[in-house]
Amino acid sequence: MAGTSTITESVVRILKTPLGSRVMRPEYGSLLYTLRDRKFDDDFRLKATRYTFEAIAKNEPRIKVEKVDFSVKPVTGVVSLSVTLTNGDVVEVTQ
């Protein structure tokens, strides 16, 4: 499908960029970086879901998010986000 890789790359870039870190685009990025080293509980899931939806809605008008799922690797604590878009595409982001 044409354009899928660019949308995937755009979503990954948005979610991995700390909000306010770009000088000319301070509204670009997400607040997911604020959740680093936090306990993985219901509050974490709620905030991460909210930050994901907000960042994509604000920065990528071509798509809409349907749902966000999480997984944590037990030993390393690496959190993986699985973002399902309304068109059926799934974007994997590892923080």
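**Labels and their criteria**

Author: Six salt bridges are found when the whole structure is searched. The model is predicted, so local features need pLDDT of at least 70 and side-chain atom pairs count only at pLDDT 80 or more, whereas totals for chains, interfaces and linings use all residues. Residues are numbered from 1 along each chain as its sequence is written, and side-chain values use heavy atoms, with hydrogens and water left out.

Reader: Why is the pair K58 and E27 called a salt bridge?

Author: The term requires a side-chain nitrogen of Lys or Arg within 4 Å of a carboxyl oxygen of Asp or Glu. The closest N and O atoms of K58 and E27 are 3.4 Å apart, so the pair meets the criterion. Side chains of opposite charge can pair when their charged atoms come close.

Reader: What makes K58 and E27 a link between distant parts of the chain?

Author: K58 belongs to helix α2 and E27 to the loop between α1 and α2, 31 residues apart. Such elements are DSSP runs numbered from the N terminus: helices are H or I with at least four residues, strands E with at least two.

Reader: How do you know whether K58 is buried, partly exposed or exposed?

Author: Relative accessible area decides: buried is under 20%, exposed is over 50%, and partly exposed lies in between, with a 1.4 Å probe and protein chains only. K58 has 49% and therefore counts as partly exposed.

Reader: Which separations apply to R45 and D42 in helix α2, and how exposed is D42?

Author: R45 and D42 are three residues apart, which places about one helical turn between them. Their side chains meet at 3.6 Å, N to O, in a salt bridge. D42, at 61%, is classed as exposed, while R45, at 35%, is partly exposed.

Reader: What is the corresponding account for R50 and E54?

Author: The N to O distance is 3.0 Å, and the pair is a salt bridge. R50 and E54 are four residues apart in helix α2, about one helical turn. R50, at 47%, is partly exposed, and E54 is likewise partly exposed, at 38%.

Reader: What makes a set of residues a nonpolar core?

Author: The set must consist of buried Ala, Val, Leu, Ile, Met, Phe, Trp, Tyr and Cys residues joined through side-chain atoms within 4.5 Å. In the largest such core there are 22 residues, of which V11, L15, L32, I56, L81, V83 and L85 touch the most other members. Two or more residues come from each of α1 (4-16), α2 (42-59), β1 (65-72), β2 (79-85) and β3 (90-94), and α2 contributes the most, five. In soluble globular proteins, nonpolar side chains tend to be buried together.

Reader: Which residues is V11 in contact with, beyond its neighbours within four places in sequence?

Author: I56, I63 and V91 are in contact with V11, where contact means heavy atoms within 4.5 Å.

Reader: How do you know which spaces are a cavity and which a pocket?

Author: On a 1 Å grid over the protein atoms alone, a cavity is a set of points where a 1.4 Å probe fits but cannot get out; a pocket is an open set with protein on both sides within 12 Å along at least five of seven lines; lining residues have an atom within 4 Å of a point. Points are joined across faces, edges and corners, and a volume is the space filled by probe spheres set on them. The largest pocket holds about 300 Å³. Among its 16 lining residues, L35, R36, D37, F44 and V79 are closest to its centre.

Reader: Why is P18 described by its accessibility as it is, and where does P18 lie?

Author: P18 is in the loop between α1 and α2; its 27% makes it partly exposed. Residues up to four places away aside, P18 touches Y28, S30 and Y33.
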